[in-house]
Amino acid sequence: METVISRTTRVGKIKYTNAWPVFHSFNPELLQHSVELVSEVPALLNRRMLEGSLEVSAMSSFAYAQGSDHFMLLPDLSVSADGAVQSILLFSREPLEKAVNGTIALTNTSATSVNLLKILVEKYLKGNPEYFTSEPNLTEMLQRADAGLLIGDHAIKASWENNGYYVTDLGRLWKEWTGHSMTFAVWAVRREAALSNPEAISEIVRAFHSSKERSRSNLTPLIDQAVREIGGSEHYWHGYFSNLCYDFGMRQQQGLELYFKYAYELGLLKHEIKLQIWSDNTLTRVKE
């Protein structure tokens, strides 16, 4: 009989619905290794990964880049969209071409979408707006700004309201400009945890993959939970979950590399990023 490992691995769980398929059937109590699940918004998970109070987490792609010296990506796990994402939305009083030279309120809940907006506005649309960071409340945002960026469930709920605003999907705009997929979140492990506790990380990765595949084969439990907790229709949520990609293959990697390249060129990142993927305690460089 195998010995149960007592060392606890702290795993961060994104609260937003876009990550539900990877977490829905992920049950720490069924794992041989000790795992503590910590559920928070992306910004807090990002901070905890950067400071080392989590060993594994779903995290904003941009936050991974900021701490890439400390992290490795877990294989074949992401929240990506090849076009419209439906939950990363810019709401504006005027058409986009005018809004990008006004004042834009940025959500304080995630860095990836904020910096994607800056890349799109400044490199693609040649805008020169003023930015400020705000709580994700659209009414309050647009009392002070010409446009407001919301993500996750805040964006979804706002998109259901007939408020008369122009709505721009950043995933769609990125695809229109670059032709690439966009990866909004990744799963990462701190290097020291990967090296010191590889068996636990392997088991966690397998459990994530199993949860992802179970969700992909039957979306009904996710749809029912979303309708019950968030609202909306079964039709909406079926389309939402079906549209997102939870893999991290070459297409997703290429899109993310381009995002990091543009972020570096704008000075949003201090250095260029090489994606590094963990695999059974073997460090693999993508495009060595």
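This note goes through the predicted model point by point, from the whole chain down to single residues.

1. Basis of the model. This is a predicted model, in which local features need pLDDT of at least 70 and side-chain atom pairs count only at pLDDT 80 or more, while totals for chains, interfaces and linings use all residues. Residues are numbered from 1 along each chain as its sequence is written, and side-chain values use heavy atoms, with hydrogens and water left out.

2. Confidence. The pLDDT, which is the predictor's confidence in each residue on a scale from 0 to 100, averages 92 over the chain, and 95% of the residues score at least 70. Helix H8 (residues 170-178) has the highest confidence, at 98, and strand E12 (residues 282-285) the lowest, at a mean of 44. Residues 283-288 have a pLDDT below 50, with 18 contacts in the model beyond near neighbours in sequence (contact: heavy atoms within 4.5 Å). Residues 1-6 are also below 50, and that stretch has 8 such contacts. Where pLDDT is low, the predicted coordinates should not be read in detail.

3. Secondary structure and overall dimensions. The chain contains 13 helices and 12 strands; these are DSSP runs numbered from the N terminus, with helices (H or I) of at least four residues and strands (E) of at least two. The C-alpha trace spans about 65 × 45 × 30 Å along its principal axes. The radius of gyration of the chain is 19 Å, which agrees with the value near 19 Å for a compact globule of 288 residues. That radius is taken over C-alpha atoms, and the globule rule is 2.2 Å times the number of residues to the power 0.38.

4. Of the 288 residues in the chain, 56% are buried. Here buried means under 20% relative accessible area, exposed means over 50%, and partly exposed lies in between (1.4 Å probe, protein chains only). The accessible surface is about 12,800 Å², with 46% belonging to carbon and sulfur atoms; areas come from the Shrake-Rupley method with a 1.4 Å probe, and for residues only the protein chains shown count as cover. There are 28 positive and 33 negative side chains, and the centres of the two sets are 3 Å apart. Lys and Arg count as positive and Asp and Glu as negative, with His and the chain ends not counted; each charge is placed at NZ of Lys, CZ of Arg, CG of Asp or CD of Glu.

5. Contacts along the sequence. Among contacts in the chain with a separation of 6 or more, 81% are between residues 24 or more positions apart.

6. Strand E10 (residues 182-190). Val189 is in this strand and is buried, at 0% relative accessible area. Beyond four places in sequence, the contacts of Val189 include Met49, Glu55, His70, Phe71, Ile201 and Trp278. Val189 and Ser57 are 132 residues apart in sequence but 6.7 Å apart C-alpha to C-alpha. Val186, also placed in strand E10, is likewise buried at 0%. With neighbours within four places left aside, Val186 is in contact with residues including Ser57, Met59, Tyr64, Leu77 and Leu256. Its C-alpha atom is 26 Å from that of Ile104, 82 residues away along the chain.

7. Ser211 lies in helix H10 (residues 198-217) and is buried, with a relative accessible area of 1%. Outside its four-place neighbourhood in sequence, Ser211 touches Pro21, Val22, Phe23, His24, Ser25 and Phe26. Ala263, in helix H13 (residues 250-265), is buried at 0%. Ala263 touches Phe62, Ile119, Leu268 and Leu269, not counting residues up to four places away.

8. Strand E9 (residues 166-169). Thr168 is in this strand and counts as buried at 12% relative accessibility. Leaving aside neighbours within four places, Thr168 is in contact with Ile88, Leu89, Leu90, Leu96 and Leu173.

9. Backbone points to check. Most residues other than glycine have a negative phi. Gln86, in the loop between strand E4 (71-81) and strand E5 (88-92), has a positive phi near 75° and is partly exposed at 24%. Lys126 has a positive phi of about 55°; this residue is in the loop between helix H5 (111-124) and strand E7 (130-134) and is exposed, at 62%.
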